[in-house]
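Colleague: I would like to go through the labels on this model one by one. Please set each value against its cut-off.

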Amino acid sequence: MKNSILILILFCLQISFAQETKIISGFVTGEGKKIQAANVHLIGSNHKTVTDSLGYYSLENIAVGNYTIQISHTGFQTLKKKIEVTKDSIQTFDFEMTDNQNQLNEVVVSGTLKAVKRLESAVPVEVYSPVFFKKNPTASIYEALQNINGVRPQLNCGVCNTGDIHINGLEGPYTLVLIDGMPIVSSLSTVYGLSGIPNSLVERIEIVKGPASSLYGSEAVGGLINIITKNPTNAPVFSADYFTTTYFESNLDLGMKFKAGKKAISLLGVNYFNYDQVIDKDKDNFTDVTLSERISVFNKWSFQRENNRLFTIAARGMYEDRWGGDVRWEKKYRGGDEIYGESIYTKRGELIGSYQLPFEEKLMLSFSGNVHYQDSRYGTTSYIANQKIGFLQLTWDKKIGRNDFLAGIANRYSYYDDNTTATKEAESTWLPGIFVQDEITLSPKSQVLLGMRYDYNSIHGSIYTPRVAYRWKKNENTIFRLNAGTGFRVVNLFTEDHAALTGSRDVIIKSNLKPEQSLNANLNYIQKINFTNGTFVGIETTAFYTRFSNKIISDYATDPNKIIYDNINGYAISQGISTNVDVNFPSGLKMILGATFLDNKNVENGISKRPYLTEDFTATWSISYKIESLNLLLDYTGNVYSPMELPLLSELDPRSPKSPWFSIQNIQFTYFGWKNCEFYGGIKNLLNFTPKQNNPFLISRTNDPFDKNVQYDSAGKVLATPENPYGLTFDTTYVYGQNQTIRGFFGLRYTLK
């Protein structure tokens, strides 16, 4: 009997313990402030409350156990966290919410050369963080840009797979690429400069669409891409990211931070890429994808100084060996006419830095330099180039009342030499310049920016580039911006047009080429919408117009053996409208959608013609869904392009004169349940699209790449013969997209903070 009573007492105590309830409480903050009226909910239960005026919440009668708490508030990302309620009578859980508008409130520098919140900038700047690029991991920043609205990586060679970056349909030479605000990547080095920058060291990428020559000088005609690397002080102690594909591409990014004494912190990054598989799925006996081995080493130093003055310096070295061509090619055939191959050796070094002078006035000295050596063989054509660029700039930043001044002087030295007949002697160019900018606050809701730059080119003389911008903030959720300005670009054909180097065509320059000039205007509109359930929508729309004079055009059609260059006898227009929509749902679903409508044309002698490789419409998307309970993130990314005009070689050429509608889509799954680790994998090119589809071939006459069996008439026109029924020559310029089929990938990230 006593035992029965004892068992009954223990059983009652167990029930009492199991039903024991506790109190959980804490503060909810965001952006450094207490958040009032935030919704607090224990998922799967009826326990709900809202925070008071101090951001404080309290939930009572909570049974011991594990829960997921959800916190939501208009204007902030919905927060979900796992908590454990223990035996303690009262437990404290504090939460920090993230502003749902962070993408719009990023601090940017590219638009005005000043650090300013994106919404406060008079010049529209798009910002993309590493989180965006992780949604579709790539081996280079060049490839990563494919999912940015209005930005398209364009392959220019079907054999060696070199390319450039198109912004709003404008060719790559119109895009200036910067690293940490320095014009370190240009001309010959555009593609190679974008390859090999360790993605793990990139803090963000800022993109300005439209001329920015009033601040950055030559080449910023169509827009600029500014790659901002991480501050060593804030970087992780160690990071590693490795992935491979079913094509057996392998990419490794390493990042390491260490102290060098008491006042210096160094950030070291290494990128290694290798692809050595000869694959020919389109059965033309040429490689589908260029084989490549690349190594890049990046080192950035940050020094602590009095009054928090800035001093950073960084250096990068890169070497790449790549080739494409006949699947039987080996290095012993390099430069010969036995078996065709395109082999490119690249060596590149860069140095960039910023030093704030020790004065009360804010004076910043920035400098950069790079050397680029390229040793290439395109069949029997040798292209050996040497380019050096040095840049020095001093800026003065001063606020006086309603005026926010920025003034600067700059000098740029460019040296270029190659072994082609078009470059009779090495070319050295000095480009000193002076610029001034005044951002005037007219009222709390409006500001105007006025800017002017004067450059003196040692070959072409004086060049003026003014600009004006106006920003009107109707309210906290609605902003309008109007920008107008001019741009200029000094041209060196052999640093930017790969087709001129392949050896498959002769280059003809009809006259002394004049600098290109542009006049640009764009209207930008931003609308933010916050719903009571925590959903956030951000809409940004830009209408743009650019008119070019002296635009240099390439004529592929007159003679299939020639590329004829000349300034346009007329003008060129690039105009359109672009829209980006960001949507965040409390459920963990996030969408970034973009679309651009383009109208690009060259108008010559009253005749309007669309340039080659320019689409009418492009769209991009990135859809993410986080499943907290499974520690799983799903990313679905893609793009779609409308048809583009393509260069044919003759009236008998059987290839399509236009590309089809095509789309590259990818899916990725990321598991983040292990501390400091992420496992990811997925499928690229889900639709298995390649340009070969609906075409008999891409590269013409791969069976006779040296044109040994091509016959010509007395006028130099290719004759159609039984052996050459379409009257073609060997040519690699018919290319508009990547030639890799559907493939899987798998990777691992490790970050130690």
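Colleague: Why is Asp326 called buried?

Modeller: Buried means under 20% relative accessible area, exposed over 50%, and partly exposed in between, with a 1.4 Å probe and protein chains only. Asp326 has a relative accessible area of 7%, so it is buried. Keep in mind that this is a predicted model: local features need pLDDT of at least 70, side-chain atom pairs count only at pLDDT 80 or more, and totals for chains, interfaces and linings use all residues. Residues are numbered from 1 along each chain as its sequence is written, and side-chain values use heavy atoms, with hydrogens and water left out.

Colleague: What makes Arg328 and Asp326 a salt bridge?

Modeller: A salt bridge needs a side-chain nitrogen of Lys or Arg within 4 Å of a carboxyl oxygen of Asp or Glu. The closest N and O atoms of Arg328 and Asp326 are 2.9 Å apart. Arg328 itself is at 54% relative accessible area, so it counts as exposed.

Colleague: How do you know that Arg377 and Asp375 pair as well?

Modeller: Their side chains meet at 2.4 Å, N to O. Arg377 has 18% relative accessible area, so it is buried. Asp375 has 25%, so it is partly exposed.

Colleague: How many salt bridges does the structure hold?

Modeller: It holds 27. One of them pairs Asp241 with Arg749, with the closest N and O atoms 3.1 Å apart. That pair links distant parts of the chain: Asp241 is in strand β19 (residues 238-245) and Arg749 in strand β44 (residues 743-752), 508 residues apart. Both Asp241 and Arg749 are buried. Strands here are DSSP runs of E, at least two residues; helices are runs of H or I, at least four; numbering starts at the N terminus.

Colleague: What makes the nonpolar surface patch?

Modeller: Leu442, Tyr470, Trp472, Phe480, Leu482 and Leu523 make it, over about 540 Å². Patch residues have over 30% relative accessible area and no salt bridge; nonpolar side chains (Val, Leu, Ile, Met, Phe, Trp, Tyr) are joined within 5 Å, like charges within 9 Å. Areas come from the Shrake-Rupley method with a 1.4 Å probe; for residues, only the protein chains shown count as cover. Leu523, in strand β33 (residues 516-530), has 46% relative accessible area, so it is partly exposed.

Colleague: Which residues have the most contacts inside the largest nonpolar core?

Modeller: They are Phe133, Leu145, Ile148, Ile205, Ile207 and Ile225, in a core of 20 residues. A nonpolar core is a set of buried Ala, Val, Leu, Ile, Met, Phe, Trp, Tyr and Cys residues joined through side-chain atoms within 4.5 Å. Leaving aside neighbours within four places in sequence, Ile148 is in contact (heavy atoms within 4.5 Å) with residues including Tyr128, Phe132 and Thr620.

Colleague: Is Thr346 buried or exposed?

Modeller: Thr346 has a relative accessible area of 0%, so it is buried. It is in strand β24 (residues 341-356).
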